[in-house]
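I opened my notebook to look up a few spots in this model. Here is what I went after.

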Amino acid sequence: MTRPWKIVLIVVGVACIAATPMVWLLNGPGTGELVGASLQVGTGVAALMWAWLQPRQGDSATDTGQAKASGGGSAHTGIRRPGGAGTGSVRVDRTGDATADGFGSSADTGIDYN
């Protein structure tokens, strides 16, 4: 789950939990209102816990092959995150060889933040 969606679910969960006491503040709850409020608080707590417990997503590259760039091209056998984009952990193991030949060519075998 991406970070923005996680934040949205946490905010919705907190809003559901916070809105529940309003039922008791407005004219006292009847049976239907009490059941509705209980379902609302249960849904809010469930959404909050689900969003909170979601594992962080990460990127990994393992045992990649060889890559070759020439004539201004680029070769990457690892992970590219331009400008540091992306969330979560990054793991790169045993990447292949990356070779760059010629003017303007580039090669990377690990994590590229450019």
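The model is a predicted one.

**Entry: Ser 105.** I looked for Ser 105 and found it in the loop that links strand E6 (98-101) to strand E7 (106-108). Is Ser 105 buried or exposed? Its relative accessible area is 18%, so I put Ser 105 down as buried, the cut-off being under 20%. Next I checked its side chain, which reaches the backbone nitrogen of Gly 72 at 3.0 Å. Leaving out residues up to four places away in sequence, I listed what Ser 105 touches: Ala 69, Ser 70, Gly 71, Gly 72, Gly 73 and Ala 100.

**Entry: H1 and H3.** I then turned to helix H1 (residues 3-19) and helix H3 (residues 31-53), whose axes come within 8 Å and cross at roughly 155°. The angle is over 145, so I call H1 roughly antiparallel to H3. I noted the crossing of H1 and H3 as left-handed. Which residues meet there? From H1 I wrote down Lys 6, Leu 9, Ile 10, Gly 13, Val 14, Cys 16, Ile 17 and Ala 19; on the H3 side they meet Gln 40, Val 41, Gly 44, Val 45, Leu 48, Trp 50, Ala 51 and Trp 52. Sorted by type, the residues of this contact come to 12 nonpolar, three polar and one charged.

**Entry: Thr 43.** Staying in helix H3, I looked up Thr 43. Thr 43 is exposed, with a relative accessible area of 51%. I also checked Thr 43 against Val 12: they are 31 residues apart along the chain, and their C-alpha atoms are separated by 9.9 Å.

Terms used
Residues numbered from 1 in each chain as written. Predicted model: local features only at pLDDT ≥ 70, side-chain atom pairs only at ≥ 80, totals over all residues. Heavy atoms only, no water. Axes fitted to C-alpha atoms, helices over the stretch in contact; angles between N-to-C directions. Helix = DSSP H or I, 4+ residues; strand = E, 2+ residues; numbered from the N terminus. Parallel < 35°, antiparallel > 145°, perpendicular 65-115°, else oblique. Left-handed = near helix turned anticlockwise from the far one by under 90°. Contact = heavy atoms within 4.5 Å. Nonpolar A, V, L, I, M, F, W, Y, C, P; charged D, E, K, R; others polar. Buried < 20%, exposed > 50% of the residue type's maximum accessible area, 1.4 Å probe, protein only. Polar contact = N/O pair within 3.5 Å; in protein donor to acceptor, adjacent residues only side chain to side chain.
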